[in-house]
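Please keep the sequence and the 3D view at hand while reading.

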Amino acid sequence: MATVTISGVSKSFNGTAALHPLDLTVEDGSFCCMLGSSGSGKSTLLRIIAGLSDPDTGTVRIGERDVTRAPSEKRRIGFVFQNYALFPHLSVGTNVAFGLRARGIGKKEAHTRADRMLELVGLAGFGKRTPKQLSGGQQQRVALARALVTEPDVLLLDEPLSALDRKIRGEMQAELKRIHQETGLTTIMVTHDQEEAMNLGDSVLMLSHGRVQQFDTPETLYREPANGFVAGFLGAVPLGNGIIRKKDGGTDAGRATDTATGRTEIEIDGTRLRLAASTLTDGTPAEAVVMAERVALTPASERPRNEDEHEGTVTSLDFYGPFARAEARLGSLTVPAMMLSQHAHSIEPEQRVWIRIAPGGLHAYAAQEATRS
Amino acid sequence: MTAPSPLRRVGGSPRRSAGPALARTGLLAPGIVLLVLFAFLPLVALVITGFVNDRSQLTTENFAHVFSSGTYLRLLGRTLLLSFAVTVVAIALGWPAAWALARHVKPARRTMILGLVIIPYITSQLLLIYGFLTLIQAGGPISYVLTQLHLTGPQDSILYTPWANFLMLVYESMPTAVLVLYSAAESVSPSVLEAARTLGARPRYVFTHVIWPLSAPMVVVNFTLTFVQTVGAFAEPAVLGGPDGQMLGNTISTQISSGANDGFAVALSLVLLVTSLLVVGVVTALVSWTKRAQSGGPTNRLTAPPRPRTRARTPELTVARES
């Protein structure tokens, strides 16, 4: 078990930068998810940690050891591949025992330990089968057992669940969580699925175009996305470009009666919307993004409008099983709203509604920053 | 291992249904007819010729002649040994090339290189042999360069020695080796190799325990194709080999074209056929033995799945924990 420390690591392929120099520390025993879309550099970084790819610059340390120039086989890592990468010519048990046998441990002991590890991943008694006889989820469990049996210092997972179907993915997430808790192993997982990253990670490293966008706990990432890219990746929808309006509890002329102090708004095409805390200064051009799940629609016929609500008209309503997604027109803006389907029965197109955007659901980023990558 | 598993394996090979039997027959028929007409029947005719003498009597005298003659047995031994060496050298040269081609060459360039590899295939064999002859003869380009470098005299050449024959046969075997081993290299997934390394296996261990067992079937295919083809070579030794480079193939060819004794020539062919099949069989067994030995695990014992204890009263259980 060990802390993984990456400093100044960069990598380019054929002159194109895949990773800009970056630093990262994954604490001993923690579960770090590297999140990003394809081409973000997340897999490149994982492969560099594993020694499957050499960094152009920088160092990789596992615990106290500088492993930058060490080959994979000497790093004491466990690696799980997206496509399982089981040895097709070996039985399940021999697959799991491989790492022990390669280190010169006797056949009998290796197989005993392999069987114990298969038990841990819920595949007791499967040792004599061949990988082909197992389902995708089972194969990935074998791959996990194979990586764990050598008692590595760090467990590296490269999109281990993305080849599995939705239901099994959920089960495997729970399994990974349980195994991480039981073993206390420093774990780094690459994924493009933000729910998976949020669910599993103690911390999430958000990457885009080879740069770190944000490195935080899942909760902070969700509540305070550092920039438009992160917000967008977490599902926020662009609302439009506007100007930041700061109000310092009454200095704003004509609105001296406003009870709130230090609140920030964004003005888009004449519509003023309250923002989550923002460091942007008054008058800055900014792009606003909204999280649809933090928008609430109430039919205007139900009750009078509250002060923090805006008047709008429903333009569309779509059902996605347990969830429903509506869009409402607010001045010239289109505001998305996500709700539980059971709450959508009172909403219908063309209806007049009160729109409430929770302050934490509306973020603004300086206009050029929103498109930066 | 404690496996009180009542689970029945369900993975096995899919059962053939009777429905497309007609289609199967239809598809196989042309091939079968061809094989019977041009391979099986000639072979029968060959066997008959070999065992029957001029007076239409059954006889083994042709074979007795083969086995009593030191000359022909030595020739047989030399042919098998030479073919074995040619095959092994071709595989040893072809494997790294095929591996590099499959792993380290860009796809576009790969197609071009594979195209170039095939050129000897689509060139007349005699043309290749005489081309090689011009290349290596005294006063030819190679001889010229070596002479200029004072490495050999102007009249030295390997032409008309067993070496000329050997090199030509290796050269002719290369396309097969590269193509077959290329597909072997492609069948070893890169992530499986990476997995082996992350599990602590050094390069040598990766080769003996992953690459070799996964490639062995194609190596056997390669061995069979090249060995069988080389054993039957007759033009190469006849043109290039000189007095010491003769093989059984061109001896048989001479015997038949001289018309002296067809029965004896046929006996030689049959002996060559059987012994080369034996060599192929032994090599195949040897390779699959090393493959199993290196795999180490109980894979090979898997062939007999545990029988269900009772006749299937319960519906067949599948292993799907997760479906």
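The sections below treat the basis of the model, the interface, the salt bridges, the nonpolar cores and some local backbone features.

## Basis of the model

This is a predicted model, in which local features need pLDDT of at least 70 and side-chain atom pairs count only at pLDDT 80 or more, while totals for chains, interfaces and linings use all residues. Residues are numbered from 1 along each chain as its sequence is written, chains are lettered from A and ligands numbered from 1 in the order in which they are written, and side-chain values use heavy atoms, with hydrogens and water left out.

## Interface of chain A and chain B

The size of an interface is often given as the accessible area lost when the parts come together. Buried area here is the accessible area (1.4 Å probe) that two parts lose on being put together, summed over both. Chain A and chain B bury about 3,400 Å² between them, and 58% of this lies on carbon and sulfur atoms. In chain A, the residues that lose the most area to chain B are Glu73(A), His89(A) and Lys128(A), together 20% of what that side buries. Contact means heavy atoms within 4.5 Å; chain A supplies 45 residues to it and chain B 31 residues.

## Salt bridges

A salt bridge is a side-chain nitrogen of Lys or Arg within 4 Å of a carboxyl oxygen of Asp or Glu. The count over all chains is 19, and 2 salt bridges are found across the interface of chain A and chain B. Helices (H or I, at least four residues) and strands (E, at least two) are DSSP runs, numbered from the N terminus. Buried means under 20% relative accessible area, exposed over 50%, and partly exposed in between (1.4 Å probe, protein chains only).

Glu194(B) and Arg47(A) meet at 2.5 Å, N to O. This pair runs between chains, from helix H8 (residues 190–198) of chain B to helix H1 (residues 42–50) of chain A. Glu194(B) is buried at 17%, whereas Arg47(A) is partly exposed at 22%. In the bridge of Glu73(A) with Arg197(B), the closest N and O atoms are 3.4 Å apart. Glu73(A) sits in the loop between strand E5 (65–66) and strand E6 (77–80) of chain A, and Arg197(B) in helix H8 of chain B. Glu73(A) is buried at 13%, while Arg197(B) is partly exposed at 28%. Within chain A, a network of salt bridges links Arg141(A), Glu175(A), Arg178(A) and Glu182(A).

## Nonpolar cores

A nonpolar core is a set of buried Ala, Val, Leu, Ile, Met, Phe, Trp, Tyr and Cys residues joined through side-chain atoms within 4.5 Å. The largest has 94 residues, and Met34(A), Leu45(A), Phe98(A), Leu156(A) and Val210(B) have the most contacts inside it. Helix H3 (residues 70–104) of chain B gives this core its largest share, 13 residues. A second, separate core of 46 residues includes Leu144(A) and Met198(A).

## Local backbone features

Ser173(B) marks a kink of about 35° in H7(B), shortly before the proline Pro175(B); the bend at a residue is the angle between axes fitted to the seven residues ending there and the seven starting there.

Glu350(A), a residue other than glycine, has a positive phi near 75°. Glu350(A) lies in the loop between strand E18 (333–340) and strand E19 (352–357) of chain A and is exposed at 66% relative accessibility.
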